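Colleague: I am new to reading protein models, and I would like to go through one slowly with you. Could we take its features in turn, with the general idea before the particular case?

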Amino acid sequence: MKTIYISERVFLFIKWGSICLTTFLVVFYPIDYFTSTRSLSFNVALPVDRLMPYCGSMFYVYAAALLLPFFVPLLAACPGAIKAWGRKMVVAILVSGIIFLIFPVYNDRGIAGAAATDFSALMVIIAGKHNFLPSLHVSLSLITLKACWRKSHVLLQAWLVSLAILMIASTLLTWQHYFADVIAAIVVFVSIEVAFKRKPTWRQ
């Protein structure tokens with residue numbers, strides 16, 4: 001029975017991980033390219049953004065977000081939580097894609113700052129150069145960490161909260177996002193969590 005249980009988790013993770021990756025590739029990069037051809041863009045920088053120092057070493061934390069999904073099959077409370085995680089990720093990508101199209105945001109600092117090292121420049125290529133608000137980096141990280149949440153595990157909760165703070169800080173300290181991008185990502189995350197809580201059938 002335990003082997004079957006583990007196999008189900010692995011199967012669901014591969015299935016939904018593949019769906020999420022495909023959705024991301026189909027939505028994110030074409031919109032990122034399309035935005036590069038548009039003259040319309042909005043500047044959402046706040047005075048506090050100009051005070052944020054650049055920390056190139058935080059790009060390693062920024063990149064670590066790519067590893068977070070692999071915790072889901074290990075830490076999710078049940079197989080159903082893995083399904084819910086996948087569906088939330090897809091919804092977040094689609095909703096963010098619509099916002100990217102309606103409200104393209106300009107960020108000159110991220111590209112300039114990332115030119116410092118080959119690794120940071122590579123991360124900018126992977127993360128895109130134009131899709132900023134909301135920060136998918138933040139919203140998808142929060143959805144993934146929430147999928148690993150256990151009510152009775154205090155140490156796990158503390159670790160997940162610490163990771164969330166680090167992920168958010170990494171987007172700001174690498175100049176990849178402004179505060180407005182992060183706030184918008186948190187709004188997307190909370191909205192999706194509330195929507196799925198009110199519609200239990202979406203989690204099945």
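Modeller: Let us begin with a term that we shall need throughout: a residue is called buried when its relative accessible area is under 20%, exposed when that value is over 50%, and partly exposed in between. Please keep in mind that what you see is a predicted model.

Colleague: With those cut-offs in hand, is I102 buried or exposed?

Modeller: I102 has a relative accessibility of 61%, and because exposed means over 50%, I102 counts as exposed. The residue is located in helix α5.

Colleague: Which residues form the nonpolar patch on the surface?

Modeller: The patch is formed by F34, L40, F42, I98, L101, I102 and F103, which together have about 620 Å² of accessible area. Helix α5 contributes the largest share of this patch, namely three residues. It is also worth looking at I102 and L40, which are 62 residues apart along the chain, and whose C-alpha atoms are separated by 10.0 Å.

Colleague: Now I would like to understand charged pairs, so what is the general idea, and how many salt bridges does a search of the whole structure find?

Modeller: Side chains of opposite charge can pair when their charged atoms come close. In this model the search finds two salt bridges. One of them joins the side chains of E193 and K88, with 3.0 Å from N to O. Since E193 belongs to helix α10 (residues 179–198) and K88 to helix α5, this pair ties together parts that are 105 residues apart in sequence. Both E193 and K88 are buried.

Colleague: Where does K146 come in, and is K146 buried or partly exposed?

Modeller: The side chains of K146 and E193 also meet in a salt bridge, at 3.8 Å from N to O. Here E193 lies in helix α10 and K146 in helix α8, so the pair ties together parts that are 47 residues apart in sequence. E193 is buried, with a relative accessible area of 14%, whereas K146, at 38% relative accessibility, counts as partly exposed. Through salt bridges that share partners, K88, K146 and E193 are joined into one network.

Colleague: Finally, what is the volume of the largest pocket, and which residues are closest to its centre?

Modeller: The largest pocket has a volume of about 720 Å³. Its lining has 34 residues, and those closest to the centre are F24, A65, L66, P69 and L140.

Colleague: Which helix gives the most to that lining, and which classes of residue are found there?

Modeller: Helix α1 gives the most, with nine residues, and the helices that each supply at least two residues are α1, α5, α7 (118–127) and α8 (136–147). By class, the lining of the largest pocket has 24 nonpolar residues, 10 polar residues and no charged residues.

Note on methods. Residues are numbered from 1 along each chain as its sequence is written. This is a predicted model: local features need pLDDT of at least 70, side-chain atom pairs count only at pLDDT 80 or more; totals for chains, interfaces and linings use all residues. Side-chain values use heavy atoms; hydrogens and water are left out. Patches are made of residues with over 30% relative accessible area and no salt bridge: like charges are joined within 9 Å, nonpolar side chains (Val, Leu, Ile, Met, Phe, Trp, Tyr) within 5 Å. Accessible areas come from the Shrake-Rupley method with a 1.4 Å probe; for residues, only the protein chains shown count as cover. A salt bridge is a side-chain nitrogen of Lys or Arg within 4 Å of a carboxyl oxygen of Asp or Glu. Helices (H or I, at least four residues) and strands (E, at least two) are DSSP runs, numbered from the N terminus. On a 1 Å grid over the protein atoms alone, a cavity is a set of points where a 1.4 Å probe fits but cannot get out, and a pocket is an open set with protein on both sides within 12 Å along at least five of seven lines; lining residues have an atom within 4 Å of a point. Grid points are joined across faces, edges and corners, and a volume is the space filled by probe spheres set on the points. Ala, Val, Leu, Ile, Met, Phe, Trp, Tyr, Cys and Pro count as nonpolar, Asp, Glu, Lys and Arg as charged, and the others, Gly among them, as polar. Buried means under 20% relative accessible area, exposed over 50%, partly exposed in between (1.4 Å probe, protein chains only).
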